[in-house]
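Here are some notes for a colleague who is opening this entry for the first time. Please read them with the sequence and the model side by side.

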Amino acid sequence: QAGGDLLLASAQGLDPKGLVVGDSPKARALTLPSVPAAGSWGATVSADILAEHGLSLNDEVRLISTRNARYTALGLTPTQRLFTITAYKQAPAGGALPSLTLALEDLRRLTRSRAGEVGLRLFLADPFAVDRVAAELRRRFGEGAVTSTWRAQAGEFFRAVAMERVSMQVMLFLVVVVAAFNILSALAMMVSARLREIAILKSLGLTDGRILGIFTLLGSGCGLIGTVAGVALGVAVALNSGPLLATLGLAPGGQRLPCEIEPLTVLCIALCSLALSALASLYPAYRASRCDPVTHLAVP
């Protein structure tokens, strides 16, 4: 409650003395939320609360909690306490509730919670290891342990991203297949237009195997040039996707999107492109090697 405004928010309590940081460089570089001092009744409030309700630092807000509420002569009475805004943090994304960060002891006193009723929060240096860590916690503390991860809280979003990734892979495969068919059609038309010249070369002693190798090398060379140019251009655009989207005004919320290139994925795509180019060259090359000099050099 701030003045006459009421809003629903989530509060989390942090204990600076209970924060355990690992020894890895990533863990030491991890940025943890700012924690008000215990007993100060201070709160770190998300920026959207300040903006929407005209609040500023050192203003007081009243936190009202129905957890462990007690029945009195006036009925069910929630606990409440005045807190001072000492800092602000980034607003939560994805439509999540506005949040406040309190000292753990202050939150316990506000909600009348015992030490055993409060869970633990882990900040991982590698956020993608969250499933493995959750499974390990359940193994150590039993199946009765309840874990909640960022994957579960934003499950629909990540499922949509996974589906989009699969669709992009299918589209990329179709693009490569279309390019391979272009090589096939171009070589087939070249062979059809050069049957007389091929017949002359064969009459001069060029073997079927060498004819096959020439046209296979020609198609594979086109595929190699296209693959190298595509990989170089794609990596360059991916590394600079943030500035490009910002320049075109397509960046969501003006934020720069992160980009991560997987070398193994790029290598697999490049090898598949080269393999499809070589396969697409085999039929026109085989057709050229089967050219009959007698048929195509006969004078009408």
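1. Axes here are lines fitted to C-alpha atoms, for helices over the stretch in contact, and angles run from 0 to 180 degrees between N-to-C directions; helices (H or I, at least four residues) and strands (E, at least two) are DSSP runs, numbered from the N terminus. With that in mind, the axes of helix α8 (residues 208-239) and helix α10 (residues 263-289) come within 7 Å and cross at roughly 150 degrees. Angles over 145 degrees count as roughly antiparallel, and α8 and α10 are therefore roughly antiparallel to each other.

2. On the basis of these notes: this is a predicted model, in which local features need pLDDT of at least 70 and side-chain atom pairs count only at pLDDT 80 or more, while totals for chains, interfaces and linings use all residues. Residues are numbered from 1 along each chain as its sequence is written, and side-chain values use heavy atoms, with hydrogens and water left out.

3. Five strands form an open sheet with mixed pairing, in the order β1-β5-β2-β4-β3, where two strands pair if DSSP finds at least two bridges between them. Because β1 (10-14) and β3 (60-72) stand at the edges with a single partner strand each, one side of each is left without a neighbour in the sheet. Direction ignored, neighbouring strands of this sheet are turned by 40 degrees against each other on average.

4. Within the sheet, β2 and strand β5 (residues 99-103) pair in the antiparallel sense over three bridges, and T44 has T101 in β5 as its bridge partner.

5. A search of the whole structure finds one aromatic pair (rings of Phe, Tyr and Trp, the last by its six-membered ring, with centres within 6.5 Å; planes over 60 degrees apart count as edge-to-face). W41 and F83 form this edge-to-face pair, at 5.4 Å centre to centre and with 75 degrees between the planes. The pair links distant parts of the chain, since W41 is in the loop between α1 (25-28) and β2 (42-46) and F83 is in strand β4 (residues 75-89), 42 residues apart.

6. Which residues have a positive phi without being glycine? W41 does, with phi near 55 degrees, and so does N58, at about 75 degrees.

How values were computed: Phe/Tyr/Trp six-rings, centres within 6.5 Å; stacked < 30°, edge-to-face > 60°. Parallel < 35°, antiparallel > 145°, perpendicular 65-115°, else oblique.
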